[in-house]
Amino acid sequence: MADEALKDINQFLTFTLGKEIFALDIGTVREVLELTSITKIPRTPEFMRGVINLRGHAVPVVDMRLKLGMSQGEDTVDTCIIIVEIEFEGEFTVMGALVDSVREVFEMTPDTIEPAPKMGAAINAEYIKGMGRQNGQFIIIIDINKIFSAEELAIAKNLAGVGGGVDQPPVEEGVAATSAASA
């Protein structure tokens, strides 16, 4: 019975954008990096900050504030890049998500996650998996596989070059969480 309960616990990496708290399923997170030099690529969408060199591979970095329609923030000592693996049409693309800060790995059971609120036809919120709570604050759970369009993923894949960095060995589950929690 205890094993059954453990299967229903989901782990999420929480991060901030402004005063809002967001979360990603820990299974999509490869690692968390301190802010490093980002090379801007001309003629890319504004939310595409550029690319970083990650162990010899060009990895595109997206400013999550701009991607979610927020104003651009100042880079600080807490600014991090979350390296995520996005699946689209059976292929994986490695991308960096620039966030204001990484908080912690947080466990939530499915019964504590509310469905995404209905925003009406004019607002596309299909990338919101659900809403959780922590210490009385809402946590917006993002489905990283649904936040980017096919065109945006094609741009990212082109920026990353052939293979999109997919040949990098995956980080063991929990390793990214440990480094993120201590960040």
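Mentor: What follows goes from the sheet to one pair of its strands, and then to the aromatic rings. Keep in mind that this is a predicted model.

The open sheet has five strands in the order E8-E1-E2-E10-E9, and their pairing is mixed. At the edges stand strand E8, residues 101–108, and strand E9, residues 128–134. Each of these two has a single partner strand, so one side of each is left without a neighbour in the sheet. From one strand to the next, the twist averages 35°. In general, strands of a sheet pair through backbone hydrogen bonds, in a parallel or an antiparallel way.

Strand E1 covers residues 10–17 and strand E2 covers residues 20–25; the two pair in the antiparallel sense over six bridges. As one example of a bridge, leucine 13 has leucine 24 in E2 as its partner.

Next come the rings. The count of aromatic pairs comes to one. That pair is formed by phenylalanine 15 and phenylalanine 22, with 5.8 Å centre to centre and 15° between the planes. The pair counts as stacked because planes under 30 degrees apart fall in that class. Phenylalanine 15 has a relative accessible area of 1%, and phenylalanine 22 has 6% relative accessibility. Both residues are therefore buried, as the cut-off is under 20% relative accessible area.

A further ring has a charge over it: lysine 67 lies over the face of phenylalanine 47, at 4.9 Å from the ring centre.

Technical notes:
Residues are numbered from 1 along each chain as its sequence is written. This is a predicted model: local features need pLDDT of at least 70, side-chain atom pairs count only at pLDDT 80 or more; totals for chains, interfaces and linings use all residues. Side-chain values use heavy atoms; hydrogens and water are left out. Rings of Phe, Tyr and Trp (its six-membered ring) pair if their centres lie within 6.5 Å; planes under 30 degrees apart count as stacked, over 60 as edge-to-face and the rest as tilted. Buried means under 20% relative accessible area, exposed over 50%, partly exposed in between (1.4 Å probe, protein chains only). A charge sits over a ring if NZ of Lys or CZ of Arg is within 6 Å of the ring centre and within 35 degrees of the ring normal. Two strands pair if DSSP finds at least two bridges between them. Helices (H or I, at least four residues) and strands (E, at least two) are DSSP runs, numbered from the N terminus. Axes are lines fitted to C-alpha atoms, for helices over the stretch in contact, and angles run from 0 to 180 degrees between N-to-C directions.
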